[in-house]
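Q: Hi! I've got a protein structure open and I'd like to talk it through. Can you help me find my way around?

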Amino acid sequence: MLSADSIGANIAEGMGRGSYQENRRFVTIARGSLYETQHWLRRAYSRNLLTDRQVDALKLIINDLAPQLNAYLKSIGNIPNSQ
C-alpha cells in the first residue's frame, strides 16, 4: 500500500526541506496519506483481504499515529516563519 509508505516518506522529506513552512506542508501531506491508508484498509477488509485480527492490529497503529501527527503539526505551526 503506497499511501502507508508515503506517510513516513513525507515526514522525512519535510524535515529535509530546511524550513518550518515546508515541514508543515509535508506533514499535512503525510496526514492525508494516513487517511488514504485508512480508506484502503477499509476497502481491503470489505473485500475479505484482511482478517478481523489484522484490522484490529492496524487500527491500533493508525489510531495512535493520527493524534501524534496532529500534535506535531500543531507544534510546528506555532513556530514563527522567520525561524
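A: Happy to! Let's begin with a word we'll need: a pocket is an open set of grid points with protein on both sides within 12 Å along at least five of seven lines, and its lining residues have an atom within 4 Å of a point. Keep in mind that this is a predicted model.

Q: How do the lining residues divide into nonpolar, polar and charged?

A: Five are nonpolar, two are polar and two are charged.

Q: Let me pick one of them, Val55. Where is it in the chain?

A: Val55 sits in helix H3, which covers residues 52-77.

Q: Is Val55 buried or exposed?

A: Buried. Its relative accessibility is 15%, and the cut-off for buried is under 20%, so Val55 falls on the buried side.

Q: What does Val55 touch, leaving aside its neighbours within four places in sequence?

A: Val55 is in contact with Tyr45 and Leu50. Tyr45 is also one of the residues lining the largest pocket.

Q: How far is Val55 from Leu41?

A: In sequence they are 14 residues apart, and in space their C-alpha atoms are 7.7 Å apart.

Q: Switching topic: how do H1 and H2 pack?

A: Helix H1 (residues 2-16) packs against H2 at an angle of about 175 degrees, and the two axes are 8 Å apart. Angles over 145 degrees count as roughly antiparallel, so that is how H1 and H2 run relative to each other.

Q: What kinds of residues make up that contact?

A: There are nine nonpolar, seven polar and three charged residues. On the H1 side they include Ile7 and Ile11, and on the H2 side Phe26 and Trp40 are among them.

Q: Zooming out, how many helices and strands are there?

A: The chain has three helices and zero strands, running α-α-α from the N terminus.

Q: And what size of box do the C-alpha atoms fill?

A: Roughly 50 × 20 × 15 Å, taken along the principal axes.

Q: Last one: what share of the residues is buried?

A: Of the chain's 83 residues, 24% count as buried, and Val55 is one of the buried ones.

Conventions
Residues numbered from 1 in each chain as written. Predicted model: local features only at pLDDT ≥ 70, side-chain atom pairs only at ≥ 80, totals over all residues. Heavy atoms only, no water. Helix = DSSP H or I, 4+ residues; strand = E, 2+ residues; numbered from the N terminus. Buried < 20%, exposed > 50% of the residue type's maximum accessible area, 1.4 Å probe, protein only. Contact = heavy atoms within 4.5 Å. 1 Å grid on protein atoms, 1.4 Å probe; cavity = no way out; pocket = protein on both sides within 12 Å on 5 of 7 lines; lining within 4 Å. Nonpolar A, V, L, I, M, F, W, Y, C, P; charged D, E, K, R; others polar. Axes fitted to C-alpha atoms, helices over the stretch in contact; angles between N-to-C directions. Parallel < 35°, antiparallel > 145°, perpendicular 65-115°, else oblique.
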